[in-house]
Amino acid sequence: MADALLAIEDLRVAFHTAQGVVQAVDGVSLAVAPGETVAVVGESGSGKSVTALSVLRLFGRGDRVTTDGSVRFARATGVVDLLHLDETAMRAIRGGEIAIVFQDPSASLNPVFTIGEQIAEVLRRHRGVGRAEALAEAARLLSRVGIAEPEARLKAYPHQLSGGMRQRAMIAMAIACDPRLLIADEPTTALDVTIQAQIVRLLKDIQQARGMGLMFITHDLELVGEIADRVVVMYAGQVVEAGPAAVVLAAPRHPYTRALLACRPTRDYAEGGADTIRISAIPGAPPRPGAHGAGCRFAARCVMVEPACREAAIPLRALDTDRLSRCRRAEEVV
């Protein structure tokens, strides 16, 4: 992690609720280098979005949250630990040096302001430019993300744009200040497959042009194969496998990763008849935060489980120079 743009080490995030303490993230470590795309993969509830939100400390005002560990970010002026910066310093970083694109642009864009006003606000806040200059730059950004007639779209409200165009506007807002790191939190989930492919291609093009780091949160392993250099697989708040994306997808070393890959739709071709699409599922459900046993958190759903897997916590161990797995039988997973 020495040359990382972002280095998360032993991150722990707990929410204090009326029902007790919920440990959403438990000892997560990962790094993103300049110009690199790291995909963070897992089912809903695995802790991947909470990990992303922790980087920018974007929790709700009413949330009682405690964090531990470190989130080091390499600014132009030096490395800082984002978990320990004051709010004034964080506001300078949010949207300026680190930007985020959320899953649902309809919930992220303000419905009472035009698209142009919302992009211009980012530029005015972080670059200190005037309104006219900010709007002109906003039009250029909309054109950059593939929106036709950008000057006209500046005057549109979010509800007047399609889902794909709203997501493109969110990306324009995110890249407005040329961030060093972009976090994309399932940015294609609500879009059809054609628009998904366009958004992924757009993110890759922008990254290559600007050399920024990209942390891509998803549950879609097909997207991981298209966009990521490295992949981090999370389950029940922990990292269970990590390594180069192409290697992990071709030869997983954790039963959970293998099970996720098996969930991808497959087509059975029938001569003279209709083809059949088969979709598999992982039996059972992820444990509720804090409700897992003492051993492997995937044990209840794992086809390779042994009695020893349930007895004690399984450490994340190195299999070689760039592969990690949290499985006693990692070498046997095929």
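In which sense do strand 9 and strand 10 (residues 238-244) pair, and over how many bridges? They pair in the antiparallel sense over six bridges, two strands being counted as paired if DSSP finds at least two bridges between them. The model is predicted, so that local features need pLDDT of at least 70 and side-chain atom pairs count only at pLDDT 80 or more, while totals for chains, interfaces and linings use all residues. Residues are numbered from 1 along each chain as its sequence is written, and side-chain values use heavy atoms, with hydrogens and water left out.

**View 1. Strand 9 and its two partners.** Helices (H or I, at least four residues) and strands (E, at least two) are DSSP runs numbered from the N terminus. Five of the six residues of strand 9 (residues 230-235) are buried, so this strand is largely enclosed by the rest of the structure; buried means under 20% relative accessible area with a 1.4 Å probe, protein chains only. Strand 3 (residues 37-41) pairs with strand 9 in the parallel sense over four bridges, and Val40 stands opposite Val232. Toward strand 10, Val233 stands opposite Glu241, and the two strands form a hairpin with two residues between them, where Ala236 in the turn has a positive phi of about 50°.

**View 2. The largest nonpolar core around Ile171.** A nonpolar core is a set of buried Ala, Val, Leu, Ile, Met, Phe, Trp, Tyr and Cys residues joined through side-chain atoms within 4.5 Å. Of the 63 residues in the largest such core, Ile171 and Val224 touch the most other members, and helix 7 gives the most to this core, with seven residues. Apart from this core lies another, of 36 residues, among them Leu6, Leu30, Val32 and Leu56.

**View 3. The largest pocket.** On a 1 Å grid over the protein atoms alone, a pocket is an open set of points where a 1.4 Å probe fits, with protein on both sides within 12 Å along at least five of seven lines, and lining residues have an atom within 4 Å of a point. The largest pocket is lined by 23 residues, of which Arg94, Gly95, Glu121, Val122 and Met173 lie nearest its centre. Helix 4 supplies the largest share of this lining, six residues.

**View 4. The second largest pocket.** This pocket is lined by 17 residues, of which His219, Asp220, Leu221, Glu222 and Arg264 lie nearest its centre. The largest share of its lining, four residues, comes from helix 9.

Technical notes
Buried < 20%, exposed > 50% of the residue type's maximum accessible area, 1.4 Å probe, protein only.
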